[in-house]
2 protein chains.
Amino acid sequence: MPVKAHNQETRARLLAAAAEVFAEKGFEVASVREICAKAGANVAAVNYHFGDKRNLYNTLLNQLFADTWNKRAPLLPASAPPEARLRAFIQAFFDEVLSSDYDERGRAQAARLYLLEMARPSEALTLIVRDYIRRDAEEIAAIVGALLGPSASEAQVTLCASSVVAQVLYYLQSAAIIACLAPDAPPPHRRVAQLAEHVYQFSLGGLTRLAAAPPPAKGETPC
Amino acid sequence: MPVKAHNQETRARLLAAAAEVFAEKGFEVASVREICAKAGANVAAVNYHFGDKRNLYNTLLNQLFADTWNKRAPLLPASAPPEARLRAFIQAFFDEVLSSDYDERGRAQAARLYLLEMARPSEALTLIVRDYIRRDAEEIAAIVGALLGPSASEAQVTLCASSVVAQVLYYLQSAAIIACLAPDAPPPHRRVAQLAEHVYQFSLGGLTRLAAAPPPAKGETPC
DNA sequence: GCGAGTTTAAAACAGTCGTTTAAATTGTAA
DNA sequence: TTACAATTTAAACGACTGTTTTAAACTCGC
């Protein structure tokens with residue numbers, strides 16, 4: 001059990017290689033041997049530095065999400081007008097979700113690992129949600145709540161917040177179909193600006209409509 | 001090469017077992033041995049009846065998608081008012097995406113296999129898109145186009161159609177996070193009616209806003 | 001009942017999997 | 001240099017993978 005490691009080089013190379021392989025194939029299909037080969041390390045290196053494959057995966061996910069979350073564009077303060085906050089949130093969300101492999105490899109890998117975790121959740125997802133995603137959920141809920149007004153119910157805020165984030169996540173989680181349906185169109189990550197503006201306008205329309213006509217309390221009929 | 005098969009029983013049992021195992025673990029993680037065991041068949045049965053594992057998977061996907069697509073609630077004709085068509089489309093889409101494992105096992109399996117194909121697309125996805133998904137894409141595009149009016153550009157129609165389907169797919173593709181963020185809330189498939197109504201209202205708001213203020217032609221400034 | 005064709009069965013094929021072992025190597029401090 | 005711990009290495013572990021082989025069991029028309 002190495003208490004203090006003298007040489008962390010191969011450990012870092014293992015993490016980098018693991019990011020590539022896990023992001024491409026997912027936890028179970030990825031093989032320790034391929035990761036070690038790509039890192040130029042021995043097969044036993046994973047078990048020496050991380051104990052086992054699962055711990056390498058969890059360590060990687062934590063590091064990757066921490067890095068990308070910290071590098072995110074700062075959100076607007078709660079004192080800013082809610083429209084501007086919504087616009088900034090959508091933009092930052094798109095930047096994070098649709099980063100290209102070329103100039104933001106780390107973010108793109110985090111997005112892909114997130115996608116794979118959605119399809120087949122593992123124990124790591126719980127921590128990711130608690131440490132990172134929950135903050136975003138609360139942020140967008142606050143923004144949407146400000147736009148809907150104080151009369152909006154908590155359920156309605158959640159529904160509208162879901163509608164906003166859904167429109168962004170769609171371009172990550174349905175990328176395979178988008179590319180298949182319109183193979184000649186430029187890929188989504190080349191038109192984040194256009195997409196962000198559209199989602200902002202579309203969401204503002206939905207929010208103002210629902211703010212104007214709040215639904216009756218459930219189970220009761222309006223007077 | 002069996003030209004005419006006398007006994008298709010085990011073939012059918014293999015397909016049923018494959019649906020369960022593939023839907024749970026995905027193509028690569030699922031094992032032929034587990035499928036055969038669950039079907040009460042010999043290990044060689046898959047290769048005898050389907051040639052190999054990949055062909056079993058493709059056959060299953062085609063059959064499953066054909067079945068669920070045919071059992072779908074009929075869509076409204078193009079002559080119906082576009083608002084009603086949008087409402088019916090969203091409802092039918094939700095019914096298909098959020099079917100419970102208990103009373104609509106086939107649909108739920110198809111939805112899960114779809115989710116797994118999104119995360120790690122295989123050759124089968126191309127056929128699924130061509131034979132089934134493309135029709136839905138054209139249907140929702142026609143509905144959205146009618147609601148936006150004739151002045152809407154093709155790109156704007158695609159963006160708005162994406163915003164609509166994204167709100168539905170969200171509850172399939174982010175189910176893991178939804179359950180994690182609100183573990184006590186009733187699962188989405190128990191409140192399809194509420195969700196469908198919300199997505200309809202939210203989308204109508206977004207569509208009317210974008211219909212009222214069409215964006216300028218790209219690259220040019222409005223007069 | 002017979003033989004042809006279809007379906008199942010057990011066993012083995014050559015690989016890959018994650019992990020472990022034990023020896024060899026490296027780097028550092030006394 | 002010696003001594004010791006940290007790291008890397010090659011080799012092997014048993015278990016599992018998809019697929020194939022070979023033979024046995026079945027089902028059918030005759």
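User: In what order do the elements of chain A run from the N terminus on?
Analyst: In this predicted model, the elements of chain A run α-α-α-α-α-α-α-α-α-α when they are read from the N terminus on.

User: What does the C-alpha trace of chain A span along its principal axes?
Analyst: Along those axes the trace of chain A spans about 70 × 45 × 35 Å, while the accessible surface of the chain comes to about 11,100 Å², with 55% of that surface belonging to carbon and sulfur atoms.

User: What share of its residues count as buried?
Analyst: Chain A has 223 residues, and 47% of them count as buried.

User: Now chain B: how many residues does helix α4 have, and what does it reach?
Analyst: Helix α4 of chain B, residues 53-70, has 18 residues and reaches 26 Å from its first C-alpha to its last, which is close to the 26 Å expected at 1.5 Å a residue.

User: Which residues in α4(B) are buried?
Analyst: Among them are B:L56, B:Y57, B:L60, B:L61, B:L64, B:F65 and B:W69, and the buried residues also include B:K53 and B:N58.

User: What covers them?
Analyst: The cover over the buried residues of α4(B) includes α1 (9-25), α2 (32-39), α3 (45-50), α5 (82-97), α6 (105-119) and α7 (123-148) of chain B.

How values were computed: Residues numbered from 1 in each chain as written. Chains lettered and ligands numbered in written order. Predicted model: local features only at pLDDT ≥ 70, side-chain atom pairs only at ≥ 80, totals over all residues. Heavy atoms only, no water. Helix = DSSP H or I, 4+ residues; strand = E, 2+ residues; numbered from the N terminus. Buried < 20%, exposed > 50% of the residue type's maximum accessible area, 1.4 Å probe, protein only. Areas by Shrake-Rupley, 256 points an atom, 1.4 Å probe, with all protein chains shown as cover. Expected span 1.5 Å × (residues − 1). Contact = heavy atoms within 4.5 Å.
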